[in-house]
Structure formats: C-alpha cells, structure tokens
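Thanks for coming, everyone. I'd like to talk about how two parts of one protein meet. Please look at the screen.

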Amino acid sequence: MPRISLPAPEHMSPAQRQVYDKVVSGPRGKIEGPLRAALHNAELADCWQALGALLRYRTSLTPRQSEIAILVTGRACQSPFEWYAHRRESEKIGIEADILEALLAQTPPPFRAPEEQLVYQFALELNQQRSVSDATYAATLEVFGERAVVELTALVGYYTMVAMTLNAHEIPLPEGQQPAFPLPQHQGDRP
C-alpha cells in the first residue's frame, strides 16, 4: 500500500494529464513506479520523465550496459520495484539469467563482455562508496570516453533518485508480483 495517493488519469489536473499522456505515448508506454508519485507536481514529473527518457533511451551506452547499471543501483538501494521493473527489461533484451541472479545475490556476475564488467564495477563503486576509484575511473574512461562516463554517472544518480522515491512512498509492485527482496527497514521501526 503506497504512503501517498497515486493520481488516476480520470482524476488528474490538466497539467498532470498532459504529462501522463506524453509518457504513455512515448517509449515507456505507461506510467508506473516513481512517476506516479512525481505527478503530484506536474512540472517536476515532466522534467523527471524527460531526464529519465534521455538517460534510458538516448545515451551512448548500449541497452545492456544501461540495464546493468540500473540493476546494480536498484539492488544497492534495496528497491524491490526498481529491481522488478528492470529485471523484466533486462530479460527482454537478453541479459542472461546467471548474470541477473548474481546481481540479485550481490555477487560478482559472470559477464562475457569486458565492457559490461566495467559498467558493473563503476556502478557498484559509485553506489557503495559514492565515488569510484582512480583505477575504475581510468579504465572506464579509456574504454567508453568522457561522454559515456558522464552519462553512466548520471544514470546511476538518476536511478538512485528513482529508488529513493519508490522506497520512501512505498510504491507497490503490480498486483500478484512478489518482491525479490524486502524493502529496507525504516529507522523509526527498529527497536
């Protein structure tokens, strides 16, 4: 059960409905997850969806590389919804089950491509340490170039915001779906 109301299209203001229509007519095809909460401020939701569309669909990273970084971030942020949504996307684009299971278990995945290992390492360090080592940065920069390193950093940051929004508002998984791992415990709920 979400902690806030999630506007239904028939109850949206004209500004909210304009953003909603823009999102569902684009590559996402629907609104789920954090945009449902962001719609409480239509301008925020519009900027959010535009940044998300850019980072997800229009960077120099391949879809596989992007999804690996997103899954690392969703798992590091303990966001069951982000994991659910992007595991589905990762399966659609052919990311192998053994890689997905390793990412879920937070163990080193058996990547076949060294570029995917670099994306994983960069995203992992950025999530765990809030920065990356000189060695990881240099290797990623050498293989991908400056533009992609900036895009990868922004992608991890964006999906951290997504995960925090999903977790803070307890945006539910679609009906019938079970979380792959539990939501993080709330500080006030601990003995």
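Predicted model: local features only at pLDDT ≥ 70, side-chain atom pairs only at ≥ 80, totals over all residues.

Domain 1 puts 11 residues into the contact, and domain 2 puts in 18 residues.

Now, how much area do domain 1 and domain 2 bury between them? About 1100 Å², with 67% of it on carbon and sulfur atoms. Why quote area at all? The accessible area lost when the parts come together is often used to give the size of an interface.

Which residues in domain 1 lose the most area to domain 2? They are Trp48, Leu55 and Arg56. Together, these residues account for 55% of what the domain 1 side buries.

On to charges. Between domain 1 and domain 2 we count 3 salt bridges. Separately, look at Arg88 and Glu32. These residues form a salt bridge, and their closest N and O atoms are 3.1 Å apart. As for polar contact, 3 residue pairs turn up across the interface of domain 1 and domain 2, both residues at pLDDT 80 or more.

Next, the elements on the domain 1 side. Helix 2 (34-38) and helix 3 (42-57) each give two or more residues to the side that touches domain 2. Helix 3 supplies the largest share, 5 residues. By class, that side of domain 1 has 5 nonpolar, 2 polar and 4 charged residues.

That's my tour. Questions, please.

Key: Residues numbered from 1 in each chain as written. Heavy atoms only, no water. Contact = heavy atoms within 4.5 Å. Buried area = accessible area lost by both parts, 1.4 Å probe. Salt bridge = Lys/Arg side-chain N within 4 Å of Asp/Glu carboxyl O. Polar contact = N/O pair within 3.5 Å; in protein donor to acceptor, adjacent residues only side chain to side chain. Helix = DSSP H or I, 4+ residues; strand = E, 2+ residues; numbered from the N terminus. Nonpolar A, V, L, I, M, F, W, Y, C, P; charged D, E, K, R; others polar.
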